[in-house]
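Work through these exercises with the model open beside you.

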Amino acid sequence: MILESNFVANLKQFAQYTGFANVTFGHIVMILIGLVFIYLAIKKDWEPLLLIPIGFGMIIGNIPLFPGMQVGIYEDGSVLNILYQGVRRGFYPPLIFLGIGAMTDFSALISNPKLLLVGAAAQFGIFAAYAGALALGFTPAEAGAIGIIGGADGPTAIFLSGKLAPDLIGAISVSAYSYMALVPVIQPPVMRLLTTKKERVIRMKPPRPVSQQEKIVFPIVGFLITAFIVPSGIPLLGMLFFGNLLKESGVTRRLAETARGPLNDIVVILIGVTVGCSTQADKFLQGKSIMIFALGAASFFVATFCGVLFCKIINLFLKEGNKLNPLIGNSGVSAVPDSARVSHVQGQKYDPTNFLLMHAMGPNVAGVIGSAVAAGILLGFLG
Amino acid sequence: MKRLFSVLLLTSLLLLSGRSFAQSAVDIRLNEVLVTNTSGLTDENGERCGWVELFNTAFGMVDVAGFYLTDDKSNPTKYMIPKGNTATVIPLRKYLILYADGNSQKGVFHINFTLDGCRNLYLYSTDGETLIDEIEIPAELAENKSFGRVKDGEGKHEPVGWSKKSLRKSSDDKKIDANGGFAVLDHPTPGYTNTTKAIVTKSEKMKEMDPWGGILAVTAMGVVFLCLIILYICFKNIGKRAVRKAEQEKAPKAQPVPVKGVTVTAEGGINEEVIAAIAIACHLYQNGDADPTVHDIESNVLTFNKDLLRNSPWGNKMLTIKQDPQIK
């Protein structure tokens, strides 16, 4: 009899530990969002390298837990918590920047350096979202973290939100990556709105060949200039330019391949899964998250708007034959290489023989530098 | 000699031990005092009374058991902090609260006098003679306001001439520094630091300076543009130089010295040797029975008896080994 009652008590206790006993409506919603991410990645091929880890991470992070079992991502000492420290303390993003540097060819930018300015103009989106977030009642630190979504750079967004608003890291990173995946949907209407048919078929001067020496000088000079002006951006800028030097030096092929290959893949897996896990229902399903998503969308629109508009303004000062096709203005928002691809695809719609991809890569990589600089400035002012 | 050494060693040890005791004793401070408590800290019984906070300024633990606290200088041993309780050990840079409810039977840290009407508090060492610290409480101290050091353990309520080297046994020549480092604290902090001034973060400062974000936006965009404009100027110039250099390299050099039996075109065009080589390569390519390995079909390059290709990277170990850099 006693044995039987003990058995029943054990079963009852076990039942309390199961996910079924602890499930809430929020958990179900978040698991469904995770499944949608996985669906979009597999079926629509939208940023699968990010959406699959984030989507599955959402499912992992939203399995209802009995508190105190030391398995949840927010429970000190759990495995997920240890892995999450890379996001929380911000050491994954610089590693990703190392990989980005090692895989980025800055030739388009070096051959036509005025494209750097297009990359700068597109950073207006960050500060529009910052002002919007302040108006909605966020603190300046939170607003800075939200604003960086407009930089369209996932690692930068994670890095800055980890420093300025750790509580919002889940919403900010998911928002940033979602809009990066949605670049082909968000940007074209703004690009068409701001350009005439004549402007869309402008043929740009083919980029000149860039010497190896210039490619080697670029990361060194680029880092020295940007880091001396914005030292708070060193983690991101340093790794970006270091990775690029590994690539361009020509004597560290193995290191460059590791940085852009296995190392980058490992960090992408860890960052994706842990960011997904961090979106636990109780922390993610809040009114703030909805506002963050709205501000993120607005910042992408503003960034695209400013990039395209800036190209048109620059064209006023350029001679015929040197003019920029304003369709490359959108690629200043980084989101490498998706936004450059959008420029190319849009350009080909109006002139199938006009290849804008290489030209668009210029502002695209300039946007990466610009958003890292902007993140450094925000960190300097608000951190 | 050995004896002298032993005496010196013993003396040093004694001096050191004495010094460490002295340092431990003198490192305790009367840090904060609250006389009338109607809405603040409660004791373990949930009752409110005045309290005294001790602070250990040392970077080591100090046991205050046996120390004396009094409001009457003529009776320095009025209240002794009980011995035999580990809770009397104050860890480094930590605090101990004594409840001044006038009933020492209530617990270890309950003082046998109250602070009502109290103007001075004295802390004596275990010998009941060595004054460690004292505090003069303002007469007009309002209820629920405390009086204490603005910065923990810092202040000049010390006997003049007091130093760690010579611990005086008399407090006659003491005086209270005009600045003191003491103040009435609007927000009592029993058991916590007295530095209650809120730390203003950069974010809070920015909220005050720039509530709508306009200044930050303009400044930050200015810096982003500045960075990228400097980069633009640098690489525009570097690019110009690179183009000039490439043009110089491309420019026709001195006429090549004709090889015996080979003529050079008058226009400085392709060397006839090269033309001959291309012709032979084409001939070999079109001739079906020629060695198919001669040409690198994959890259659409016609080659003319280039020995290296016979040793493909799969077969030639030298081609797979990284060459040492050559200093030219």
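A cavity is a set of grid points where a 1.4 Å probe fits but cannot get out. Keep in mind that this is a predicted model.

**Exercise 1. State the volume of the largest pocket and say which residues lie closest to its centre.**

Step 1. Read the volume. The largest pocket has about 850 Å³.

Step 2. Go to the centre. Of 35 lining residues, A:E47, A:L50, A:V336, A:P337 and A:D338 are the closest to it.

Step 3. Trace the lining along chain A. Several helices each supply at least two residues, among them α4 (48-61), α6 (92-103), α18 (262-277) and α21 (338-350).

Step 4. Sort the lining of the largest pocket by class. It has 23 nonpolar, 4 polar and 8 charged residues.

Step 5. A cis peptide bond joins A:V336 and A:P337, with omega about -10°. A:P337 lies in the loop between α20 and α21 of chain A.

**Exercise 2. Determine which chains line the second largest pocket.**

Step 1. Note the volume. The second largest pocket holds about 530 Å³ of space.

Step 2. List the central residues. The lining has 25 residues, and the closest to the centre are A:S111, A:N112, A:K114, A:K205 and B:K236.

Step 3. Assign the elements. Two or more residues each come from α7 (107-111) and α22 of chain A, and from α3 (214-250) of chain B. Both chains therefore take part, as the elements named here show.

Step 4. Find the largest share. α3(B) gives 6 residues to the lining of the second largest pocket.

Step 5. Sort by class. This lining divides into 13 nonpolar, 5 polar and 7 charged residues.

**Exercise 3. Describe the contact between chain A and chain B.**

Step 1. Count the residues. Chain A brings 42 residues to the contact and chain B brings 32.

Step 2. Take the area. About 3000 Å² is buried between chain A and chain B, and carbon and sulfur atoms give 84% of it.

Step 3. Pick out the leading residues. A:F127, A:I229 and A:F381 supply 17% of the area that chain A buries against chain B, more than any other three residues.

Step 4. Check for polar links. Between chain A and chain B there are 0 salt bridges. There are 2 residue pairs in polar contact, both at pLDDT 80 or more.

Step 5. Name the helices on the side of chain A. α8 (115-121), α9 (124-135), α10 (140-147), α15 (212-229) and α22 each supply at least two residues. α22(A) gives the most, with 10 residues.

Step 6. Sort that side by class. The side of chain A that touches chain B has 30 nonpolar, 9 polar and 3 charged residues.

**Exercise 4. Which helices hold A:E142 and A:K288?**

Step 1. Begin with the total. The structure holds 10 salt bridges over all chains.

Step 2. Inspect the pair. The side chains of A:E142 and A:K288 meet in a salt bridge at 3.3 Å, N to O.

Step 3. Place each residue. A:E142 is in helix α10 of chain A and A:K288 is in helix α20 of chain A. The two are 146 residues apart, so the pair links distant parts of the chain.

**Exercise 5. Where does A:A152 lie, and what is its phi?**

Step 1. Find the place. A:A152 is in the loop between α10 and α11 of chain A.

Step 2. Read the angle. Phi of A:A152 is near 55°, a positive value in a residue other than glycine.

Methods. Residues numbered from 1 in each chain as written. Chains lettered and ligands numbered in written order. Predicted model: local features only at pLDDT ≥ 70, side-chain atom pairs only at ≥ 80, totals over all residues. Heavy atoms only, no water. 1 Å grid on protein atoms, 1.4 Å probe; cavity = no way out; pocket = protein on both sides within 12 Å on 5 of 7 lines; lining within 4 Å. Points joined across faces, edges and corners; volume = space filled by probe spheres on them. Helix = DSSP H or I, 4+ residues; strand = E, 2+ residues; numbered from the N terminus. Nonpolar A, V, L, I, M, F, W, Y, C, P; charged D, E, K, R; others polar. Contact = heavy atoms within 4.5 Å. Buried area = accessible area lost by both parts, 1.4 Å probe. Salt bridge = Lys/Arg side-chain N within 4 Å of Asp/Glu carboxyl O. Polar contact = N/O pair within 3.5 Å; in protein donor to acceptor, adjacent residues only side chain to side chain.
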